[in-house]
Amino acid sequence: MGDSLNLLPASFADFRRAAEKRLPRFLFDYIDGGAGAEVTLRRNTADWEAVQLTQKVLRDASRMDCSVDLFGEQLALPLVLAPIGMGGMSARRGEVQAKRAADKAGIPFCLSTVGICTLEEVGAVSDRPAWFQLYMLKDRGIVQEILGRAWNSGVRTLVFTIDLAVLGTRYRDIRNGMAGGLGPWGRLRSGPLDWLLHPRWAWDVGLKGGPHGFGNIAMYVKQSKNPRDYLHWTGTQFDASVTWKDIEWLRQVWKGNLVLKGVLDTDDARQAVAVGADGMIVSNHGGRQLDGVASTATMLPRIADAVGSDTTLLVDGGIRSGQDLVRALALGAKAALVGRPWVMALAAGGEAALSRYLGLVKQDMRTALGLSGAINARDVGRGVLL
Ligand SMILES: Cc1cc2nc3c(=O)[nH]c(=O)nc-3n(C[C@H](O)[C@H](O)[C@H](O)COP(=O)(O)O)c2cc1C
């Protein structure tokens, strides 16, 4: 889990460095990168860091409590592991390991439509239901079938992603040939040579960690020999014509909690309330879609002012530490999601490393609660900010 000098990881940056060593280049870049020149990706983290906390002392910090209630669940920490496509490639049967770590930390894990492990595999980990994320597919019959499987696997909170009608242009993925187009030398470098240079991953995940298909949609992809077949299928199935009318349809079909992911505009937030969503995630897809849009730290307070009293707001993008969690709560979120942090920690050392990361976040959050005067996660408001 530590780096080559056996030092222990203490922050997101440490897990990221360890993941960079462990993962093949194409996979590390796929996880780490964003769209375009990665302006929004950088803003996401920088803008949380710029939110200044207050220091208020002598308020009986022994009463500290990080827990919150969300959609009828008690969370030990106001944190959810975000849906990550191919997240299960960072460690063997990665989503199962992540679900175990989330269970131990007392927080929800959200499985992606294009995760590696199936709903059933993740559902079998424990009695605590996973969350599930879905995109609108052109074939609404498949959408209904997948929703039925999710319900039968115990899922009661559906995260429906609405910011992927058009796929962001991710330069790193293009360079690494994720969308094809590499010549023979490029294919060797980003294929067998990349594996040879990362033997621990090649053995643990590449050779022993299969099947590597997108578990939840594998049965619909006729030609499914390699990741490119899946990417081609999703390219043809993602529905660019989707509108709020389709969300109204979805609201009729899905009886559990419906959380819309990818709201970054106050008018959209009002629409999300109007169509009957139970909550929404203020998100720019971790800076992977439209490069140049505002950070979520910038948009969260505006959206909270517009709809905060009518809905449950969540946020993601650039959240890295327990201080960031307190900042997110202070600006109007009930909880936050992390994407890259959980995948990087998992890559660095599997379930144990992810548990360690979540423990560090909790420790940081306790410090932030204890010294900002909030004490209790449920009481965090704008008063903890300068
Ligand atoms: C490698 C990667 C894959 C992702 N795949 C999905 C996905 O399948 N579905 C989805 O709704 N969001 C996906 N996201 C976005 C995340 O759910 C989340 O919004 C984002 O990672 C939050 O930003 P952070 O990584 O800075 O925490 C993905 C993000 C990354 C980094």
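A: Start with the shell around the ligand: it divides into eight nonpolar, 11 polar and four charged residues. For sorting, Ala, Val, Leu, Ile, Met, Phe, Trp, Tyr, Cys and Pro count as nonpolar, Asp, Glu, Lys and Arg as charged, and the others, Gly among them, as polar. This is a predicted model, where local features need pLDDT of at least 70 and side-chain atom pairs count only at pLDDT 80 or more, while totals for chains, interfaces and linings use all residues. Residues are numbered from 1 along each chain as its sequence is written.

In total, 23 residues surround the ligand (near means that the C-beta atom, placed from the backbone, lies within 6 Å of it). The closest are Ala82, Gly85, Ser112, Gly286 and Gly339.

Now for the sheet. It's an open one of eight strands with parallel pairing, in the order 3-10-9-8-7-6-5-4. Strands (E, at least two residues) and helices (H or I, at least four) are DSSP runs, numbered from the N terminus, and two strands pair if DSSP finds at least two bridges between them. At the edges sit strand 3 (79-81) and strand 4 (110-111), each pairing on one side only.

Let's zoom in on strand 8 (residues 279-282). Gly279 and Ile281 point one way, Met280 and Val282 the other, and all are buried. Buried means 20 or more other C-beta atoms within 10 Å of the residue's own, exposed means 12 or fewer, and partly exposed is in between, with C-beta atoms placed from the backbone. In a regular strand, side chains alternate between the two faces of the sheet.

Strand 8 has partners to look at, too. With strand 7 (residues 257-263) it pairs in the parallel sense over four bridges, and Val259 stands opposite Gly279. With strand 9 (residues 312-316) it also pairs in the parallel sense over four bridges, and here Ile281 stands opposite Leu314. Strand 9 is mostly covered, with four of its five residues buried.

Go back to strand 7 and you meet strand 6 (residues 157-161): five bridges join these two, which run parallel. In this pair, Thr161 stands opposite Lys261.
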